[in-house]
Amino acid sequence: MSKVLKSGRSKSFIDTNQADVQQRVTELIADIRGRGEAAVRECSAQFDNWEPESFRLSEEQIQQIIGTLDQQVIDDIAFVQEQIRGFAQAQRDSMTDIEVETLPGVFLGHTHVPVASAGAYIPGGKYPLTASAHMTIITAKVAGVPRVVACTPPIRGEIPAATIAAMKMAGADEIYVLGGVQAVASMAIGTEFMEPVNVIAGPGNAYVAEAKRQLFGEVGIDLFAGPTEILILADETADPFLIAVDLLSQAEHGPDSPAVLVTTDEGQAARVLELIEEILPGLQTRDIAEVAWRDYGQVIVADSMDELWQLGDEFASEHVQVVTSEPRDALTRMQDYGALFLGENTCVSYGDKVIGTNHVLPTLGAARYTGGLWVGKYLKTCTYQEIRDPAASGELGLVCGRAARVELFEGHARSGDARANRHLGRDFAWIDEVGSLQAVR
């Protein structure tokens, strides 16, 4: 039986889906539907203190903004985007179209068709989250999406230059300085200044997540997501210092970000707790990380590796960092996770910022039924069928007629009958009757 050294509150979907958030988002979306750009402008002024002449940046403005950045920033963005583009392209290459001949002359296939347009939401508000631009825009472009709209909020009334550069370098076709519910609703519904998109992707706060939830169906979305989560699974070989650092690296995302350690070594767990208290005072984001660790941090000691893997699946965490003597065991021992980070040389922060996999991942237990954002989210796998052999069409027509009449679908049955009649010369009473009526006329 596991032993809990530190317990914190568990996150659930309701935590970021409270009634007041739902109600406010419902009101804002309805207002934007009714008044369009005027409502969007009021929201932007109220929530972001942002009232530009145009939310969309011109090419000239974009180039001026990029020109304010150090070359090292540009070079680093280019490096990271190369990693993400390369992995996304490998994923796309794995998705092959197929065509099979299931019966003589009967061909079935599927093809992967990109959506016509996609919206990329890149959160901001406090910090410029350039990595989310890479993850959402590059992935869409590799999938072949011809029109990508990208939105990001201002930061304290200023345009986030690094984020704009990342959006442009990633391949965004339209760039807007616009955030929150007003950005999501504009992309989903359309306004005077923006045509609607088919799919919206990207992380955001509780209001952004709720807006995506309410608009889903009218527009496609990548996945439902809440606060960032980290779960570290460790055995006695893991370094307590690295564990402590990595837990706090994710706790700084927000005051409601769960950071959890499950280990088989009680002494190690105790040392991690001590180290976190030593590291926190010098952390520049202590005001956020300390609250998250206090309220949502957990440390659990498992009795065995079997229990460790079982607990890992029960958490179904967004990020699972595996620091054990055989970290690749997780690939066969675990089923429910957003992404795995294997071995002490690999950390969640690499996945967030630089390594190349996508950091838009399922939270709040959604890893039980979905993976994260990837090129496949922007592709529709569409089937097609073609019968080239008339005799095959006639034979299928006979079966179709019988199968449809079992379900009392006479119209379907007659589609099959008509082809069996034409290609096999089979007689059907209803066809004879129609012929007789035509002869009378």
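User: What is the order of the strands in the open sheet of six strands, and what is the pairing?

Analyst: In this predicted model, the strands of the open sheet are ordered E1-E11-E10-E9-E12-E13, and the pairing is mixed. Neighbouring strands are turned by 20° against each other on average, with direction ignored.

User: What makes E1 and E13 edge strands?

Analyst: Strand E1 (3-6) and strand E13 (339-342) each pair on one side only. Two strands pair if DSSP finds at least two bridges between them.

User: How many bridges join strand E9 to strand E12?

Analyst: Five bridges join strand E9 (residues 230-234) to strand E12 (residues 319-323). The cut-off for pairing is at least two bridges, so E9 and E12 count as paired, and they run parallel. Isoleucine 232 stands opposite glutamine 321 in E12.

User: Which strands does H9 lie across, and which does H12 lie across?

Analyst: H9 lies across E9, strand E10 (259-263) and E12, at about 165° to E9. Helix H12 (residues 305-315) lies across E9, E10, strand E11 (297-301) and E12, at about 175° to E9.

User: Why are H9 and H11 called roughly perpendicular to each other?

Analyst: The axes of helix H9 (residues 240-251) and helix H11 (residues 286-296) cross at roughly 105° and come within 8 Å. The class runs from 65 to 115 degrees, therefore H9 and H11 are roughly perpendicular.

User: Which residues of H9 and H11 meet, and what are they by class?

Analyst: Leu247, Leu248 and Ala251 in H9 meet Ile288, Ala289, Ala292 and Trp293 in H11. By class, this contact has seven nonpolar, no polar and no charged residues.

User: Which residues does UniProt list for "active site", and where are they found?

Analyst: The unreviewed UniProt entry lists Glu318 and His319. Glutamate 318 is in the loop between H12 and E12, and histidine 319 lies in strand E12.

User: How do you know whether glutamate 318 and histidine 319 are buried or exposed?

Analyst: Buried means under 20% relative accessible area. Glutamate 318 has 5%, so glutamate 318 is buried. Histidine 319 has 1%, so histidine 319 is buried.

Definitions and conventions:
Residues are numbered from 1 along each chain as its sequence is written. This is a predicted model: local features need pLDDT of at least 70, side-chain atom pairs count only at pLDDT 80 or more; totals for chains, interfaces and linings use all residues. Side-chain values use heavy atoms; hydrogens and water are left out. Axes are lines fitted to C-alpha atoms, for helices over the stretch in contact, and angles run from 0 to 180 degrees between N-to-C directions. Helices (H or I, at least four residues) and strands (E, at least two) are DSSP runs, numbered from the N terminus. Angles under 35 degrees count as roughly parallel, over 145 as roughly antiparallel, 65 to 115 as roughly perpendicular and the rest as oblique. Contact means heavy atoms within 4.5 Å. Ala, Val, Leu, Ile, Met, Phe, Trp, Tyr, Cys and Pro count as nonpolar, Asp, Glu, Lys and Arg as charged, and the others, Gly among them, as polar. UniProt positions are given in the numbering used here, feature names are shortened, and annotations may be inferred rather than shown by experiment. Buried means under 20% relative accessible area, exposed over 50%, partly exposed in between (1.4 Å probe, protein chains only).
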